[in-house]
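This briefing covers a model with the sequence and coordinates shown below. Please read the points alongside the structure.

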Amino acid sequence: MAVKIKRATKGLEEMNIASISDIVFLLLIYFMVVTVFQQDIGLPFVLPAESEQQDVIKIKESNVANLVIDANNFISLDDTPMRLLSVARELELRLKANPKLVVILKTHPDADYGMMVAVLDEIRKANCKKMALKVLEV
Amino acid sequence: MKFERNLKGQSSIPTASMGDIVFLLLIFFMVTTVFKTEDGLPVNLPRAETGQELKRDLIANIYVDRRGRISINDKLVSAAQVGPLMRKKYFENPLTIVSFQTDDATRYKVMDDIMEELKKANAVRVSFNIKHVSRK
């Protein structure tokens with residue numbers, strides 16, 4: 001007696017695509033998680049170009065505020081020792097008294113860069129537009 | 001007049017187009033994802049409050065770590081090499097902003113040397129990169 005074997009004669013069976021959205025969802029979630037919109041934040045500053053240094057502008061001594069950071073990261077404003085947090089307020093007062101004020105930030109070569117940036121931050125807080133960065137001659 | 005009513009229970013929401021929507025989202029995220037291309041040096045950026053966001057496409061990074069090593073495009077360079085390298089970038093785009101990724105414990109001497117080089121190369125637009133904090 002012959003055994004009858006059932007054959008799929010309906011043609012090709014369709015692939016099951018119901019789970020494809022699950023897979024795609026997984027990929028999507030992966031990319032959403034690893035995507036970082038990293039934004040750099042900085043203190044912009046424009047250096048004096050070499051060519052500009054030839055035409056030197058003379059500034060009156062009375063219009064200059066000398067901020068000095070020494071080798072031990074101590075700050076002084078026109079030879080008066082000062083705390084970092086009071087720099088902005090002091091400069092603001094001076095700027096009000098004299099709008100032509102130019103701030104010169106002199107940093108000792110051995111001072112920390114972080115300290116220089118902290119003082120620069122204070123100067124920006126005081127809204128001083130005219131300023132220069134210098135290295136302290138030793 | 002008799003109205004036919006669908007009494008077979010709730011009809012289900014068609015989910016056939018779900019895959020299309022998800023694919024669109026996937027493609028969007030794949031296209032907008034930018035992976036960091038530069039490793040640089042491990043640095044601990046100084047903290048400040050008055051920082052501004054920088055335009056990504058204008059930036060040329062210089063990494064300086066606390067030992068005074070300088071890295072540009074993942075290559076260690078000396079301060080004297082910074083000028084020529086930046087001159088090239090500046091030539092390609094005069095609006096280039098040189099962005100210092102410098103450790104806060106770096107000696108100022110190193111930074112001053114680099115800045116002198118940048119002045120010579122006419123790359124005068126710089127930015128001291130910081131970690132934004134708000135004191136209050």
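Predicted model: local features only at pLDDT ≥ 70, side-chain atom pairs only at ≥ 80, totals over all residues.

Residues are numbered from 1 along each chain as its sequence is written, while chains are lettered from A and ligands numbered from 1 in the order in which they are written.

**Chain A overall**

- Chain A contains three helices and six strands; helices (H or I, at least four residues) and strands (E, at least two) are DSSP runs, numbered from the N terminus.
- Read from the N terminus, the order of elements in chain A is α-β-β-β-β-α-β-α-β.
- Of the 138 residues in chain A, 24% are buried. A residue is buried if 20 or more other C-beta atoms lie within 10 Å of its own, exposed if 12 or fewer, and partly exposed in between, with C-beta atoms placed from the backbone.
- Among contacts in chain A with a separation of 6 or more, 75% join residues 24 or more positions apart. Two residues are in contact if their C-beta atoms, placed from the backbone, lie within 7 Å.

**Helix α2 of chain A**

- Helix α2(A) spans residues 84-97, which is 14 residues, and its first and last C-alpha atoms are 21 Å apart, close to the 20 Å expected at 1.5 Å a residue. The expected span is 1.5 Å times one less than the number of residues in the helix.
- The buried residues in α2(A) include V87(A), A88(A) and L91(A). These residues lie on the same side of α2(A), because they cover an arc of only 90° around the axis; the arc is that of the directions from the helix axis to the C-beta atoms.
- On the face of α2(A) turned away from the buried side are the exposed residues L85(A), S86(A), R89(A), L93(A), K96(A) and A97(A).
- The cover over the buried residues of α2(A) includes strands β2 (64-69), β3 (75-77), β4 (80-82) and β5 (102-107), together with helix α3 (113-125), of chain A.

**Packing of α2 on α3 in chain A**

- Two packed helices are described by the angle between their axes and the distance between the axes.
- The axes of α2(A) and α3(A) cross at roughly 30° and come within 8 Å, so α2(A) is roughly parallel to α3(A).
- Axes are lines fitted to C-alpha atoms, for helices over the stretch in contact, and angles run from 0 to 180 degrees between N-to-C directions. Angles under 35 degrees count as roughly parallel, over 145 as roughly antiparallel, 65 to 115 as roughly perpendicular and the rest as oblique.
- α2(A) and α3(A) make a right-handed crossing. A crossing is right-handed if the near helix is turned clockwise from the far one by less than a right angle, and left-handed if anticlockwise.
- From α2(A), L84(A), V87(A), A88(A) and L91(A) meet A118(A), V119(A), E122(A), I123(A) and K125(A) of α3(A).

**Positive phi in chain A loops**

- D78(A), in the loop between β3 and β4 of chain A, is not a glycine but has a positive phi, near 50°. D78(A) counts as exposed because it has 12 C-beta neighbours inside 10 Å.
- N127(A), in the loop between α3 and β6 (131-135) of chain A, is also not a glycine and has a positive phi of about 65°. N127(A) has 11 C-beta neighbours inside 10 Å and therefore counts as exposed.

**Chain B**

- Helix α1(B) has 15 residues, and its end C-alpha atoms are 22 Å apart, which agrees with the 21 Å that it should span at 1.5 Å a residue. α1(B) is hardly covered, with one buried residue among its 15 residues.
- V34(B) lies in the loop between α1 (18-32) and β1 (47-48) of chain B and counts as exposed, with 11 C-beta neighbours inside 10 Å. V34(B) and I70(B) are 36 residues apart along the chain, and their C-alpha atoms are separated by 25 Å.
- α2(B) packs against helix α3 (residues 108-120) of chain B at an angle of about 30°, with the axes 8 Å apart, so α2(B) and α3(B) are roughly parallel to each other.
- The crossing of α2(B) and α3(B) is right-handed. The contact is made by A79(B), A80(B), V82(B), G83(B) and M86(B) of α2(B) and by D113(B), I114(B), E117(B), L118(B) and K120(B) of α3(B).
- Y90(B) is in helix α2 (residues 79-92) of chain B and counts as partly exposed, with 19 C-beta neighbours inside 10 Å.
- Leaving aside neighbours within four places in sequence, Y90(B) is in contact with T96(B), A121(B), N122(B) and A123(B).
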